Amino acid sequence: MEKLALTFFPFPHKVAGKRREGFQLPAPRQCNSCDRQCERKKTFEVKLCSYGVNYVWLDAQCLTYGFLVPPISSAAQKKAFREHPYNKTTLIEIHRAMSVYRSISKEFTDEIENRKAALIEKYRAEKGFEKDLLELLRPEIRRSFSYLHDYRQFIARVRQNINVVLDRYPGDTIEQKLSRAFPSEKAIYASTILMEEKLQAAYLLLNPDRMLVTDETIFRVHGLVTKYLRIYQASFDEKNVRVKVVGESHGEVKGSQIASSVIPHTLIDNALKYAPRGSEVIVEFRETEDRIELSVSSYGPQIRNDEREKIFEIFFRSDAAVKQEEEGAGFGLYLAQFAAKQLGTAIVVKQQSKKDNSRGYWTTFSIAFTRER
């Protein structure tokens, strides 16, 4: 960019570590054997070196030098003017050249940045972007989740032990046994299920290929959502958050059930994490002949306009979310959006601009599935 912008620049200049003659003026003798004061003293105003020659930095990367601007105030200047009268110019000409350079330079910079942004957005829109990014980050992710295997074994032992305890109660199904169990036993069982699901999400981050497989499974979105509402019910009760289900869904969708499960899991988990105590979470279904829409709404932290897309980036958490809830890995929404894209759809977020002073901002995450039947 600098080379193109400076092709017809009239004065001697240095850019990208290389000195060049000007289009109109060559460098005076003094500039070819000096101690390069002008390079060491970066200034954006026209200055005079001890050799009697003027210089100025056009921007942080480009220096122009070797021109002579009156008035003459030193012996070194007199000598430079005497030896190189053709290098004499005016401040008006210098400022005009600086203005032209900066204008051209900005145009080149803006054009390059716009093209770069367009290429990045095009790449980000492609399905391969998420997979490439995860492959790049996989070594770091593995180090961060080095505990995963041990935690899964620990949870499995707890689950095994609580199942032995629940076997004391009569019943053919786990639901029947749980209905007769003590509240503490129910809580332990629910906690093991919840932890298994969270570890499963971390496992998918390490093995995203499991979500890339498009199987031919036909399933009900309503069933997946109901599953996670049951898993999280004890946690909602503990936080005194009421969950209200609005609408019905009887249709089915086709795709990877593993990928699809990440979506309601993440949206419900986020609602639990950020919903204030004593508030409400609304899970709503809307169904047509060809679409099944799911939305999860609750109060939560503010999402600034410049964060609307970033919250779906890996390891990103909004500033307000960090302040409200310091703990958080920052990959839930990324995985959920990754899964949504594998299903040919996307999660969108809407948030009311008006804040409820005691509760936060009413926020809705929604997604539309293609209905198979």
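Modeller: Two strands pair if DSSP finds at least two bridges between them. The model discussed here is predicted.

Colleague: In which sense do β7 and strand β9 pair?

Modeller: Strand β9 covers residues 280-287. Five bridges link β7 to β9, and pairing asks for at least two. The sense of this pairing is parallel.

Colleague: Which residue in β9 is the bridge partner of Lys244?

Modeller: β7 spans 242-246, and Lys244 has its bridge partner in β9. That partner is Ile282.

Colleague: Which strands stand at the edges of the sheet, and why is one side of each left without a neighbour?

Modeller: The sheet is open, with five strands in the order β7-β9-β10-β12-β11 and mixed pairing. Each edge strand has a single partner strand, so one side of it has no neighbour in the sheet. The edge strands are β7 (242-246) and β11 (347-351).

Colleague: What angle does the direction of helix α11 make with that of β9?

Modeller: Helix α11, residues 221-238, packs on the sheet. The strands touched by α11 are β7, β9, β10 (291-300) and β12 (361-370). The angle between the directions of α11 and β9 is about 175 degrees.

Colleague: How many disulfides does the count come to?

Modeller: A disulfide needs two cysteine sulfur atoms within 2.5 Å. For Cys38, the nearest cysteine sulfur belongs to Cys34 and is 5.7 Å away, so by that cut-off Cys38 is in no disulfide. The count of disulfides comes to zero.

Colleague: Is Cys62 buried or exposed?

Modeller: Buried means under 20% relative accessible area. Cys38, at 7%, is buried. Cys62 has 0% relative accessibility, so Cys62 counts as buried.

Note on methods
Residues are numbered from 1 along each chain as its sequence is written. This is a predicted model: local features need pLDDT of at least 70, side-chain atom pairs count only at pLDDT 80 or more; totals for chains, interfaces and linings use all residues. Side-chain values use heavy atoms; hydrogens and water are left out. Buried means under 20% relative accessible area, exposed over 50%, partly exposed in between (1.4 Å probe, protein chains only). Helices (H or I, at least four residues) and strands (E, at least two) are DSSP runs, numbered from the N terminus. Contact means heavy atoms within 4.5 Å. Axes are lines fitted to C-alpha atoms, for helices over the stretch in contact, and angles run from 0 to 180 degrees between N-to-C directions.
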